[in-house]
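Subject: The structure I promised you

Hi,

Here is the structure we talked about, ready for you to open.

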Amino acid sequence: MKTLLVIGIGAGNPDYITIQAIKALNRSDVVFLMDKGPSKDSLIDLRRELCERYLTERPFRYVEAQNPERERGDVDYQASVQTLNRDKQQVFERLINQELADGETGAFLAWGDPALYDSTLRILQQILASGTASFEYEVIPGVTSVQALTARHKVPLNRIGRSVEITTGRRLAAGQAGSADSLVVMLDAEDSYRHLRNQGLDIYWGAYLGTADEILISGPLDQVADEIRCVRLQARQTHGWIMDTYLLRKPQD
């Protein structure tokens with residue numbers, strides 16, 4: 001039987017990787033690398049660095065594949081995500097069937113944690129359900145961008161007895177966020193926090209968390225919203241991509 005390991009590698013700092021993840025890496029015969037294009041070479045570079053630093057107990061090989069891109073612009077978001085995951089499923093099926101021999105163990109390295117805004121688990125479950133490949137799989141958790149964000153800003157995620165919500169910029173912009181005391185927003189390409197100024201909120205924002213390019217900004221939202229937007233735009237132009245998240249917090253009673 002083939003075995004797959006879905007390993008959370010943390011939010012960007014090589015030191016974020018856990019001992020459990022290192023042990024899992026050292027069971028791997030194959031490490032699958034999903035190439036997202038030249039602008040995101042640093043994402044593959046980090047994965048290679050982790051393997052070269054920690055995968056020391058056995059020989060292994062890399063297998064690279066082109067990661068499909070989601071259609072953007074004025075398109076149906078749900079439909080575009082479904083198409084993306086269908087295309088990724090076809091790539092995963094090929095990798096498992098053609099690049100992994102019976103009895104071997106392959107590793108997918110998930111940025112952050114495999115259970116938070118990552119499609120790998122859903123795709124593997126769909127492959128098993130479809131019967132197009134046969135394998136066992138394990139999931140190794142990792143340090144998320146949410147944990148890295150709060151650690152770098154030196155703030156707790158929650159207040160005592162208060163609620164926490166994790167949502168997306170798309171839902172925030174549509175007014176679909178709940179009434180949680182602490183609101184974590186991910187995947188906000190449209191700077192949706194700007195619409196919440198004048199509500200007395202504090203924001204803790206971070207980009208490229210745990211990396212040498214890390215940027216942190218915090219303060220009253222009405223005072224730092226424009227700064228975040230300008231810094232974010234410049235960073236995206238400089239690097240060709242950006243991963244950022246932020247925590248919005250209501251004022252203390």
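Predicted model: local features only at pLDDT ≥ 70, side-chain atom pairs only at ≥ 80, totals over all residues.

Let's start with charge: the protein chain has 29 positive and 35 negative charges, and their mean positions are 3 Å apart.

Residues are numbered from 1 along each chain as its sequence is written, and side-chain values use heavy atoms, without hydrogens and water.

**The whole chain**

You'll find seven helices and 10 strands in the protein chain. These are DSSP runs (helices: H or I, at least four residues; strands: E, at least two), numbered from the N terminus. The radius of gyration is 19 Å, close to the 18 Å from the globule rule for 253 residues, so the chain is as compact as a globular protein of that length. That radius is taken over C-alpha atoms, and the rule is 2.2 Å times the number of residues to the power 0.38. Buried residues make up 49% of the 253; buried means under 20% relative accessible area, exposed over 50%, and partly exposed in between (1.4 Å probe, protein chains only).

**Two domains**

The domain assignment gives domain 1 (2-140) and domain 2 (145-249), with bounds that come from an automatic or database assignment. Their C-alpha centres lie 26 Å apart. Across the boundary, 13 residues of domain 1 are in contact with 17 residues of domain 2, where contact means heavy atoms within 4.5 Å.

Just after α5, K154 takes a positive phi of about 60°.

Then try I17, which sits in the loop between β1 (3-8) and α1 (19-25). Is I17 buried or exposed? I17 is buried, with a relative accessible area of 8%. Leaving out residues up to four places away in sequence, I17 touches I9, I22, L25, L50 and Y54. One of these, L50, is 33 residues from I17 along the chain, and their C-alpha atoms are separated by 8.4 Å.

Cheers

Key
Lys, Arg positive; Asp, Glu negative; His and termini not counted. Charge placed at Lys NZ, Arg CZ, Asp CG, Glu CD.
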